[in-house]
Amino acid sequence: MVTADTFSIKVQKTSNSRLSELDFNHLSFGKTFADHMFISDYQDGHWIDSQILPYGSLTMSPANSALHYGQSIFEGMKAYKNDKGEVSLFRPLENQKRINISAERMCMPSIPEELFMDALKQLIKLDKGWVPSNDGASLYIRPFLFATDEFIGVRPSDTYKFMIITSPGGAYYSEPVKVLIETNFIRAVEGGVGFTKCSGNYGRSLFPTKLAQQRGYQQIMWTDARNHRYLEESGTMNLMFVIDDVLITPALGDTILAGITRDSVITLARDWKMKVQERKISIDEVIDAHKRGVLDEAFGTGTAATIADISTIGFEGKDYVLPEVKERIFSNRVAQELNNIKRGKVEDKHNWMYKIG
Ligand SMILES: *Cc1c(COP(=O)(O)O)cnc(C)c1O
């Protein structure tokens, strides 16, 4: 007989809330953490000791195998508060599915839907006071899973920790970014791990990004590993173009991360009867569209910024300047619509919002 694990979560509340010290008008991203965190241990094939605890440090062995061999994956999502003070998450079941796609590729155990969702619900409910209500602000949620075996041989760990921490963040506004097309370093390769949110993908991107920044760009536009001919992602965001009124984005595959924002933007574009193409898009095609004056928009999509407009694309010593952001009909409309859905200001036709408590 197969018995399903049940996940009772023990809760230890802080006696020392830091919430009153939080200045909701000056939130910076990723530096302040809410009062509590979730933690669960994987041992002998089961998730045990699921707990919500006061946020704090971990102690671990210096031989922790995640530190040495990188069995470490994460997710990123946000909780929003509407004008009635109700808290909702944006498409959290998609994050649950995706962490398990990453886990499989990295030879890690999967996290059952019930554990993932119960942990999220209880943690966010308890730290509800940390969810900002000002427009554009949110509580960033970081679920992560890492190996914990004390062993420096190379093999999959037998033990793991699944944790969730949260961090309040203000309205994310970024100036339109200058991006450099990268034709030397690569982010992802066919057969590799580019479609996962494994920590190594981010570590490897820092050096090429630093070099681009030294040349006056903020981000890199990654190209395919084989020929450096096709555009793939921008920084840690999915990449989209509007050319001649058609929304074009690279098709999903080994080298493209299946962004939830990407999927949401495509869904809204189709709702609005816009033509959408998921396919390869080459550097030549983008530069040609720029020359013909039909490269209307280029932007990245991701949970942190939702939409990050690209102002300039650098390639082979030339800068290709795009139209002013205020002239960009689609990216402005889709950013506004997503914000309205998240804040409960328009009908949630696709049932994307998941209410907490
Ligand atoms: C997380 C991530 C994205 C965006 O995914 P969202 O679900 O939209 O936040 C895009 N590319 C990479 C490489 C990522 O890690």
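Guide: We'll take the ligand, then the pocket, then the cavities. This is a predicted model, where local features need pLDDT of at least 70, side-chain atom pairs count only at pLDDT 80 or more, and totals for chains, interfaces and linings use all residues. Residues are numbered from 1 along each chain as its sequence is written, and side-chain values use heavy atoms, with hydrogens and water left out.

Visitor: Where does the side chain of K197 come in?
Guide: An N or O atom of the K197 side chain is 2.7 Å from a ligand oxygen. R98 also has a polar side-chain atom 2.8 Å from an oxygen of the ligand. T236 uses its backbone: a polar atom there is 3.3 Å from a ligand nitrogen. A polar contact here is a pair of N or O atoms within 3.5 Å.

Visitor: How much of the ligand does the protein bury?
Guide: The protein buries 95% of the 380 Å² that the ligand exposes alone. Areas come from the Shrake-Rupley method with a 1.4 Å probe.

Visitor: Where does the ligand sit?
Guide: In the largest pocket. That takes more than half of its atoms within 2 Å of the pocket's grid points. A pocket is an open set of points on a 1 Å grid over the protein atoms alone, with protein on both sides within 12 Å along at least five of seven lines; lining residues have an atom within 4 Å of a point.

Visitor: What's the pocket's volume, and how many residues line it?
Guide: The volume is about 990 Å³. The lining has 43 residues, with Y172, T236, M237, A304 and A305 nearest the centre.

Visitor: Which helix gives the most to that lining?
Guide: Helix α4, residues 199–214, with five residues. Helices are DSSP runs of H or I, at least four residues; strands are E, at least two.

Visitor: New topic. How many cavities turn up?
Guide: Two of 30 Å³ or more. In a cavity, a 1.4 Å probe fits but cannot get out.

Visitor: Which element gives the most to its lining?
Guide: β5, with three residues.

Methods
Polar contact = N/O pair within 3.5 Å; in protein donor to acceptor, adjacent residues only side chain to side chain. Points joined across faces, edges and corners; volume = space filled by probe spheres on them.
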